[in-house]
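Please find below a short note on the structure under review.

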Amino acid sequence: MRKEIKIKKIISKTRRVLKFPKGFLWGAGISAYQTEGGISRNDWAVSAKVPAAGLACDHYRRYVEDFAIARKLGHQAIRLSLEWSRIEPEEDQWDENELHHYFDVLQLLKDRGFTTFVTLHHFANPLWIAKQGGWANVKTGEDFADYVGKVAQSLGQFIDFWITVNEPDIYAGSAYVSGIFPPFKKNVLLAWRVLRQMLSAHNRAYEVIHAYYPKARVGFAQNVLALTPFRQSSVLDRTLVRLGNWLSLEFPYRRTRNDFLAVNYYFHKSLKFVLNPAAGFTDTVRPRGEVSDRGWEIYPRGLLEILLRLKQFHLPIYITENGLADARDRKRRAYLTGHLHAVAEAIKKKVDVRGYLHWSLLDNFEWEDGYKWKYGLVEVDFVTQRRRVRKSAKFYARICKTNSLTV
Ligand code: BGC
């Protein structure tokens, strides 16, 4: 008994409480097609290659309950996306009822005191956009600007942070290189074109939003990768890493205008040069460390390394996605601790990180893999639609409420 008390004392002595800066924003994110349910006029909903999301979390009708849970969990910020195909189901036809719906959703969030991060494009396109060739067609950038203008006009008053497009690199890669997202193409040149068009569309949206709200905070969510050379001694491995960093950081950020950086962090990849042009001369080595249910390596150090690299852009940074597939909730708590420790370290090293939004608030539709992976702080039973707060969500709630982390 006495020994136990002694051990506890030693532990509490070695424990450190890391305080986050005053005003640091805590919360979680979701996206429309992954959670709302009842979306039938976008390119995912009609695809023959992936099952449709169907009712998803029925969040479209249950948003009051879902945001009440977030509030209880101490979240102060919510990231969500608007479904373009609801707002503009056909070219130049605006659905006022759907705009009203989002008006109600955002007004509720503001009334409850949440800071809102609103994504305008999160991997899904209205059918009429898909039919005209999606993002491979320059016209789509113009159409996107019209849609952004309409949103600014109708809902702009409730939007604190604008995220124009979500992960243009992942979108272009998944839809046009690996062919796992609609339109399921495998064409690197087309992917490159799509990526550039999305970045230009972001710039254009930036102008449109600022014309309505000069003080708006506008960015786009970028999936940043932590890359390391497989063999430190290999010039070729190190060159691959340099190229990868340029593609995921310098290239997109140098050609866009941003008021803040919205950073999504999941991956670490160890790169090995191989003499195989078909594989892009790269072999991504299997992770050695701990992995999520999905086999993605858990690598908090990578987040710190990336944040330090992002310092060069001199803009406030918000982590807009970070989380893991963990159905049994065995690793989420340690995952949170590890990654938040990395954020605290970055802040100590003078990186201007101002918020963290965990992915995700709810278990949801995971794109090409349907409902296989469970990212939610809140578990969703997709038969009964019952919500159950996971233990790790309570752990995270303490962090949100105390603005501190014990390590
Ligand atoms: C996407 C999310 C997705 C998450 C996990 C991110 O790249 O933005 O929509 O749920 O990855 O797969």
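Predicted model: local features only at pLDDT ≥ 70, side-chain atom pairs only at ≥ 80, totals over all residues.

**Notes on the model**

1. Helix α8 is packed on several sides of the sequence: its buried residues lie against β5 (161–166), α9 (188–212) and β6 (217–229). The buried residues in question are P168, Y171, A172, S174, A175 and Y176, within a helix that covers residues 168–176.

2. The ligand sits in the largest pocket. There are 14 residues around the ligand, and those that come nearest are Q34, H122, E167, E321 and E366.

3. In E167, a side-chain N or O atom is 2.5 Å from an oxygen atom of the ligand. For E321, the distance between a polar side-chain atom and a ligand oxygen atom is 2.8 Å. R294 likewise places a polar side-chain atom 2.9 Å from an oxygen atom of the ligand. Of the 310 Å² of accessible area that the ligand has on its own, the protein covers 95%.

4. K150 belongs to helix α7, which comprises residues 138–155. Is this lysine, K150, buried or exposed? K150 is classed as buried because its relative accessible area is 16%, under the 20% cut-off. Apart from neighbours within four places in sequence, K150 is in contact with W94, E96 and L99.

How values were computed:
Residues numbered from 1 in each chain as written. Heavy atoms only, no water. Helix = DSSP H or I, 4+ residues; strand = E, 2+ residues; numbered from the N terminus. Buried < 20%, exposed > 50% of the residue type's maximum accessible area, 1.4 Å probe, protein only. Contact = heavy atoms within 4.5 Å. Near = heavy atom within 4 Å. Polar contact = N/O pair within 3.5 Å; in protein donor to acceptor, adjacent residues only side chain to side chain. Areas by Shrake-Rupley, 256 points an atom, 1.4 Å probe, with all protein chains shown as cover. 1 Å grid on protein atoms, 1.4 Å probe; cavity = no way out; pocket = protein on both sides within 12 Å on 5 of 7 lines; lining within 4 Å. Sits in = over half its atoms within 2 Å of the grid points.
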